[in-house]
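User: I have a model open and want to go through its contacts. Can you take me through them?

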Amino acid sequence: MADVKKVIEIIDKIIADVDEQKLFLTELDNVIGDGDHGINLARGFDAVKTIEGTFEGKDIGAILKAIGMKLVSTVGGASGPLYGTAFMKSGALLNGKTEMDMNDFIEMLQVSIDGIMKRGKAVKGEKTMLDAMIPAHDAIAASYEADKDAKKALEAGVKAAEEGIEYTKTIIATKGRASYLGERSIGHQDPGATSFTLMLKAVQELA
Amino acid sequence: MADVKKVIEIIDKIIADVDEQKLFLTELDNVIGDGDHGINLARGFDAVKTIEGTFEGKDIGAILKAIGMKLVSTVGGASGPLYGTAFMKSGALLNGKTEMDMNDFIEMLQVSIDGIMKRGKAVKGEKTMLDAMIPAHDAIAASYEADKDAKKALEAGVKAAEEGIEYTKTIIATKGRASYLGERSIGHQDPGATSFTLMLKAVQELA
Amino acid sequence: MKKIINAVDQVENQMIEGMVKAFPQYVKKLDCGNVVVRAQKKTGKVALISGGGSGHEPAHGGFVGKGMLDAAVAGAVFTSPTPDQIYEGIKAVDDGKGVLMVVKNYTGDVLNFEMAAEMAADMDGIDVKEVVVNDDVAVQDSLYTTGRRGVAGTVFVHKIAGALAERGASLDEVQAVAQKVIDNVRTMGMAIKPCTVPAAGEPGFELADNEMEIGIGIHGEPGVEKKPLETADEIVDTLLEKILADIDYAGSEVAVMINGCGSTPLMELFIVNNHVADVLAEKGIKVYKTMVGEYMTSLEMEGFSITLLRLDDQMKELLDDEADTPALTVTK
Amino acid sequence: MKKIINAVDQVENQMIEGMVKAFPQYVKKLDCGNVVVRAQKKTGKVALISGGGSGHEPAHGGFVGKGMLDAAVAGAVFTSPTPDQIYEGIKAVDDGKGVLMVVKNYTGDVLNFEMAAEMAADMDGIDVKEVVVNDDVAVQDSLYTTGRRGVAGTVFVHKIAGALAERGASLDEVQAVAQKVIDNVRTMGMAIKPCTVPAAGEPGFELADNEMEIGIGIHGEPGVEKKPLETADEIVDTLLEKILADIDYAGSEVAVMINGCGSTPLMELFIVNNHVADVLAEKGIKVYKTMVGEYMTSLEMEGFSITLLRLDDQMKELLDDEADTPALTVTK
Ligand SMILES: Nc1ncnc2c1ncn2[C@@H]1O[C@H](COP(=O)(O)OP(=O)(O)O)[C@@H](O)[C@H]1O
Ligand SMILES: Nc1ncnc2c1ncn2[C@@H]1O[C@H](COP(=O)(O)OP(=O)(O)O)[C@@H](O)[C@H]1O
Ligand SMILES: [Mg+2]
Ligand SMILES: [Mg+2]
Ligand SMILES: [Mg+2]
Ligand SMILES: [Mg+2]
């Protein structure tokens, strides 16, 4: 699926996409949160950009771990520890590897979800990034299991994540800042679910 | 010229006119001062209204003194002590009188001017109420001296006061808040000169 | 956006620098980011650390000093600080007697502070405990949500727990009294003008000339209800009703805080307090102490919050203990 | 006009009532109007009285208390109080050692305070002296005009003269030190947003989104120059240049006050101080003490002023003396 070079390429695309979508993500967060999700992530991924020089000679696990630590120490807010945990757990999983395959990726999504659920004490259906992550993982795993077709599986994953975003519009937030709005959060999509989907799309496009 | 009843009539008209011109005077003060001259005077003359019941049986001097004290204790700002002093000095001048003639009025203007100049440490040409008061006094005195015609003299006084207002537009304020504006005070008429002219017009109309 | 600043990405740094330069007798800044600690480390006591996003000034750096906090960590505007910063703060102030983190109940704050505590415990063996302030009655509390937000009542936690720590109490005792304050403090706020996060450039919500937001938080977010603007007394009635419905204050003594959101003239806060005092007197709630001013702001938001803390003898005593910080000084 | 008030003709009364209800341990109100005096009259000392229009909160009522004022008189918003009120204040605080009036240089204030002093001298034989504060360098001083305005520097007069009075000095001594402060204190301010006098309903001036007023006073009046908005550092440079040109501060120690006009977020005041501190350091002017906050406001005006007080040993000592008032507390 991806070697070290490919992983860095994907990371580069995520950095660029987050930057491009910064205002959009912030605008989403403005409606049901505090209007900083795009700003937070952009600050974090801009910082990741600055450490890319240190990736030289590192394996995928070490790179993902370094990214996770950088995100934790620069993003702030709720999404910082959550995405940071996801990358750090993924790094631990892929420790020593210089190549990863689809099974690695599926497992990586799983440990990310587990890490986020544990840290954020959230489950599916609370209008968070998990509502894109969990369906995406499940769709990718099911599709890949059935067809062993990475391209097809990732497409199914992106589709499931996008459906997850749509789903977040229909539910009340019970975690994160949007939960303070109660019923008023209905009708609006979750910024974190949106930013996760953006990252998954980068994987789909380049992997 | 006026008995007690007439004086009270004039005072009533001044109360009504100040109230009517409150916004206009305030607007003038907004441009070169702090935007409260109309509010200040209206607060004072409204308070004068509340003590009219005590005028019963009092002479002109006592009434003017009571008005002066009321103004001092309710107007505030620069104009409160100044107009208050004018009325109190006038009251002292007309002490015991139940009738006043033109000569009394001319002398009343003079003691008012003297009182204001002393309290405010101002002279003619500093863009204050004095720039309407002094020419008005002089015109009334000259006209009355020549013709002994009260109506004509008061008309000349109002004309001179109005010219005084125009004159204040041409000069820099060196006293009062407008003085902080320096050159920027040129082109705008002085609120105090305007409020004095309003009072003099009430005298002219009813006396 | 009209602000007296230099650059949107410099506001946090320059704010902290400006604060430290103003109050070198009280605070100094750590090298690792926007973390301020007492200018002279006070030893032999439990250390208190708090923090959150910037934009709440004087919170929290303004409360670092004798009888209150030992460290305050400031994130980007309205964004929780990161664990590494908090971790450095914890290490700087610990003196072997443990550290109490006073965290406002926001997912971001809780997650970042907890990560920092894990780091300090795992790597340095520091005894770190936490309390989570959740005084905002505008938001429903529920087991299945994140619960109420932490807002201005946090300052009472700083003052009272800070006083007990200064007296030399143990970490458990300090945590217990902090939790007692949290259990007894409730707040509700409103705004007539929103605020603009510098990096965002646009206000967090819009209000027409005759509208207000009831139940706002402290991050520029909209409140729970948009309503036509009312008189100060009517607004006070609305806020107090919610607060008084949440805890039974009847017959008790309270500390009152009328907190300005950042651009509310003090005149208006006093007008608010005039009616708050009357309503409490009428209800037989005795006011032990009142604070009126800016303690927990939201940049240039215009509005206020009312906080009531139900007191017992211990809290009264600790409230009156000496404090000397840039933003709150209490003499004996 | 969007304000948290009840009625435009009630703002002054309700503000004072709300202040007195908040701080009964510090102040009480006389029956004769908006005059506040210390809750417990301090005897055996020269009494200090100050005041002016309302709308400058916490000035002046917030500075009544130990080590500062004995009485503060509040007129209508931005309007000098009347002589009868001031006279009652003078009578209430005199204890036979005389009364010092601290008056800001505005015709209205000067006239009303002087009339009150005449009344107190004539009718009650009270020894009343006066100082007139004129720290605002935005306005040219001249023998032939009313001279400079009195603005935020007044708070340093309250603090230092108040401390000397509290120590039991004579009226002449207290007047002399107050005058020394006046001779050594300079201020200049700016605004990015005007304020609205409640009774007027309209702002005192208009500013476009990219404009600021330089050299504003404290009554909502326009400044001496309207300019395109600049960065905080550039604005500081402009204000400091005027201040430093007026007095030779070179090599001296100063007290600095960064005063918010009413709706300036503390964050921005700290950003301002960050550069003020740097410029002063660069010029070799040593900062002895810095105050950052709202001391002399103009309702909800947004902007700030910088005040520099050139200190000598006596002023330094008195600045550090204990003070305990609602708005300023200094511990030893
Ligand atoms: N407890 C949680 N578990 C999982 N995700 C969460 C949780 N709380 C918030 N989130 C996610 O974080 C996103 C908000 O991130 P961000 O705006 O950066 O942080 P903050 O809410 O602190 O401002 C939300 O849209 C949501 O997807
Ligand atoms: N020293 C002075 N001598 C005479 N008149 C003065 C003096 N200072 C101010 N005035 C008058 O007072 C008027 C302003 O009054 P007002 O607005 O009520 O008081 P303030 O200036 O205190 O707000 C000015 O227009 C001017 O005519
Ligand atoms: Mg957010
Ligand atoms: Mg005026
Ligand atoms: Mg945030
Ligand atoms: Mg005035």
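User: How much area do chain D and chain C bury between them?
Analyst: This is a predicted model. In it, chain D and chain C bury about 4800 Å² between them, with 62% of that on carbon and sulfur atoms.

User: Which residues of chain D lose the most area to chain C?
Analyst: Lys2(D), Ile4(D) and Met267(D), which together make up 19% of what the chain D side buries. The contact takes 57 residues from chain D and 57 residues from chain C.

User: How many salt bridges across that interface?
Analyst: Two by the rule. One of them joins Lys21(C) to Asp278(D), with the closest N and O atoms 2.8 Å apart. The rule also finds 24 residue pairs in polar contact across the interface of chain D and chain C.

User: Which element gives the largest share of the chain D side?
Analyst: α7(D), with 10 residues. By type, the side of chain D that touches chain C divides into 27 nonpolar, 15 polar and 15 charged residues.

User: Switching to ligand 1. Why is the site shared between chains?
Analyst: Because the residues that surround ligand 1 come from chains A and C. There are 21 of them, and the closest include Asp34(A), His37(A) and Asp190(A).

User: What polar atoms lie by ligand 1?
Analyst: A polar side-chain atom of His37(A) is 2.9 Å from an oxygen atom of ligand 1. A polar backbone atom of Gly120(A) is 2.9 Å from a nitrogen atom of the ligand, and a backbone N or O atom of Met129(A) lies 3.0 Å from an oxygen atom of ligand 1.

User: And how much of ligand 1 does the protein bury?
Analyst: 96% of the 560 Å² that ligand 1 exposes taken alone.

Methods: Residues are numbered from 1 along each chain as its sequence is written. Chains are lettered from A and ligands numbered from 1 in the order in which they are written. This is a predicted model: local features need pLDDT of at least 70, side-chain atom pairs count only at pLDDT 80 or more; totals for chains, interfaces and linings use all residues. Side-chain values use heavy atoms; hydrogens and water are left out. A residue is near a molecule or strand if one of its heavy atoms lies within 4 Å of it. A polar contact is a pair of N or O atoms within 3.5 Å; within protein, one must be able to donate a hydrogen and the other to accept it, and residues adjacent in sequence count only if both atoms are side-chain atoms. Accessible areas come from the Shrake-Rupley method with a 1.4 Å probe; for residues, only the protein chains shown count as cover. Contact means heavy atoms within 4.5 Å. Buried area is the accessible area (1.4 Å probe) that two parts lose on being put together, summed over both. A salt bridge is a side-chain nitrogen of Lys or Arg within 4 Å of a carboxyl oxygen of Asp or Glu. Helices (H or I, at least four residues) and strands (E, at least two) are DSSP runs, numbered from the N terminus. Ala, Val, Leu, Ile, Met, Phe, Trp, Tyr, Cys and Pro count as nonpolar, Asp, Glu, Lys and Arg as charged, and the others, Gly among them, as polar.
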